[in-house]
Amino acid sequence: MTALSVAVRRHTVDATGTRRARFWVYGLLIAFLVGSIFPFYWSFLVASRDSSMLTEQVPPLLPGGNFLANAGRVFDSVPFWKALGNSVIVSGTVTLTTVLFSTLAGFAFAKLRFRGRNALFVFVVATLAVPTQLGIIPLYMAMSEFGWAGDLQAVIVPNLVTAIGVFWMRQYTMQVVPYELIEAARVDGCSMLRVYWHVVLPAVRPAAAFLGMFTFMTSWNDFLWPLVVLNAENPTVQLALERLQSGFYVDYSLVLAGTTLATIPILIVFIVLGRQIVAGIMQGAVKG
Amino acid sequence: MSGPVIAETERTPSTAASAPPPPREPRLTWRQRLSVADVKWSPYLYIAPFFVVFGVVGLFPLLYTSYLSLFDRDLLDVESTYVGFANYATLFRDPQFWNALVNTISIFVLSTGPQIVIAVLLAALLNTRLRMPTTWRVGVLLPYVASLVALGIIFANLFGPNYGLVNGLLETLGFDRIDWQGNRFASHVAIAVMVNWRWTGYNTLIVLAAMKAIPKEITEAAMMDGAGAVRRFVSVTLPLLRPTLIFVVVTSTIGGLQIFTEPKLFDAMPGSNNGGSSNQFQTITLYMYQTGFETQHLGYASAIAWVLFLLIIVIAVVNFLLTRRIASTGVAEDGAR
């Protein structure tokens with residue numbers, strides 16, 4: 001096949017194979033997007049009015065002016081400030097340690113040679129499939145034994161590092177850190193830790209940032225284990241939300257003001273960093 | 001001068017086991033020996049945190065769960081009685097367990113099946129040449145930020161039996177109201193909608209990434225052979241997505257069978273662990289939680305956990321084999337894996 005015909009072929013594909021999307025494609029995507037946004041909007045809508053709107057035949061579609069009043073009632077009903085603070089402490093700590101330990105382990109698995117490396121890495125991958133959530137009963141007994149039940153460290157310690165984090169960082173480190181760079185640093189007299197800090201960590205920063213965001217969101221939204229081990233006086237945001245809902249009569253303006261308040265911080269993070277999160281998920285998918 | 005000699009003999013095996021040998025030197029200083037130790041032991045130090053954490057809070061509790069399941073033990077008891085497999089015998093005759101098992105599988109099927117179909121179609125839409133491609137991708141992922149608790153509360157409201165928006169809409173369109181809480185199947189549908197709403201976008205991006213990774217030459221060749229868009233999608237794109245679809249199905253299995261938060265918050269009686277007035281949407285994890293922390297039978301709850309654990313492994317393997325078969329009926333085979 002001549003160069004010319006190859007060129008012609010490519011041209012044809014570019015012209016027809018990946019032609020501009022038609023309007024119905026946009027129509028479907030917009031419909032999907034409206035469906036994605038609607039539950040968020042609905043909860044804000046109810047939160048900005050009072051519960052009587054739910055009994056109306058045709059519910060109003062524009063927000064009312066009661067949001068701040070309802071939000072204020074959230075803070076009166078449950079220790080919401082404390083919950084926010086707790087969630088920030090837990091998610092922040094877990095994010096930091098997960099990123100630190102995952103990048104370190106990822107570096108070792110990707111670039112260092114040591115006995116048992118492959119077997120140990122296969123073990124890490126296998127643990128991805130292990131539903132560790134099912135071990136909460138002995139874990140709770142252990143935490144009670146330590147006297148940690150009710151304290152934040154009971155939520156932090158089990159989540160210090162995850163298999164998925166180690167796995168992702170290993171895949172990424174393999175791709176972006178050349179051996180030459182590590183060897184050059186070693187020749188210059190860097191210890192392993194300095195190689196990690198000055199060579200590896202800067203190179204894997206995009207993936208580490210994604211892992212951090214992912215970990216933060218997962219930890220912020222975690223429910224079952226905090227529900228088991230914490231109590232109503234010292235809750236995370238999710239526990240406070242659940243508490244709001246568990247009255248005898250559910251005041252939806254109050255409860256949905258709570259969900260809106262709890263969603264806003266993470267929504268802001270998402271809007272600012274959404275592109276990186278999308279890129280991270282897609283990269284992880286190809287490499288994983 | 002025995003020092004350097006010892007250092008020399010020490011050095012030979014350790015370099016063989018670790019890095020490529022540095023240029024030979026006549027003697028090793030203290031500093032160099034430190035460096036050799038650094039090369040040799042650092043990797044173990046770096047991977048240690050994961051193994052320690054996993055061992056202490058992952059593996060050990062799981063194993064201890066199987067041990068605990070052989071005992072009759074209450075939460076506040078110090079004493080526990082060995083009962084052998086009595087907990088399992090009771091479990092297999094426990095109608096509430098079978099009910100929870102059926103609910104879990106029903107919700108899982110209702111959520112995973114449609115979700116993967118929609119994710120593949122949506123990924124195909126996103127794979128066309130769009131204006132502002134990243135913005136659409138971010139938009140598709142948006143539901144992922146919602147916490148399961150917030151989601152459960154919002155959807156419990158939307159699917160409310162009396163004033164819920166969904167029933168209002170159905171009535172406006174001339175259909176009958178549906179008791180989304182009371183009716184067993186309807187409640188499964190409502191919970192599956194929640195799961196799908198949150199996870200479809202995430203899986204769409206994973207499928208989209210796999211689509212982007214398909215080499216253009218293959219699609220081109222199919223086009224040269226006269227295959228239309230639909231034919232290309234079914235015969236070329238889908239088979240090449242096989243590893244990704246397997247990945248998505250297996251991860252949804254592991255997560256989907258442990259579903260807890262959605263059914264707990266969907267309950268019309270908030271705070272309850274019953275999964276509806278007659279357990280119509282109680283899942284196995286919810287039943288385990290209720291048994292362990294509400295009625296406080298730790299031994300029995302452990303038996304539930306361990307059965308669910310085995311079930312997840314079995315279904316994940318079956319799914320793996322099934323997906324491999326279904327997805328490989330196309331023409332192209334992926335040589336990469």
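**The largest nonpolar core**

A: Chain B is divided into domain 1 (3-68) and domain 2 (87-327); these bounds come from an automatic or database domain assignment. The model is predicted: local features need pLDDT of at least 70, side-chain atom pairs count only at pLDDT 80 or more, and totals for chains, interfaces and linings use all residues. Residues are numbered from 1 along each chain as its sequence is written, while chains are lettered from A and ligands numbered from 1 in the order in which they are written.

The largest nonpolar core has 155 residues. Such a core is a set of buried Ala, Val, Leu, Ile, Met, Phe, Trp, Tyr and Cys residues joined through C-beta atoms within 7 Å. Buried means that 20 or more other C-beta atoms, placed from the backbone, lie within 10 Å of the residue's own. The residues with the most contacts inside the core are Ala105(A), Phe50(B), Ile153(B), Phe155(B), Ile304(B), Ala305(B) and Leu308(B). Helix α8 (residues 184-212) of chain B gives the most, with 13 residues. Helices here are DSSP runs (H or I, at least four residues), numbered from the N terminus. Domain 1 and domain 2 of chain B both give residues to this core, so it lies between them. The centres of these two domains, taken over C-alpha atoms, are 44 Å apart.

Now take Leu308(B). Leaving aside residues up to four places away in sequence, Leu308(B) touches Leu134(A), Leu257(B), Ile284(B), Thr285(B) and Met288(B). Contact means C-beta atoms, placed from the backbone, within 7 Å.

Technical notes
Buried ≥ 20, exposed ≤ 12 C-beta atoms within 10 Å, placed from the backbone. Helix = DSSP H or I, 4+ residues; strand = E, 2+ residues; numbered from the N terminus. Contact = placed C-beta atoms within 7 Å.
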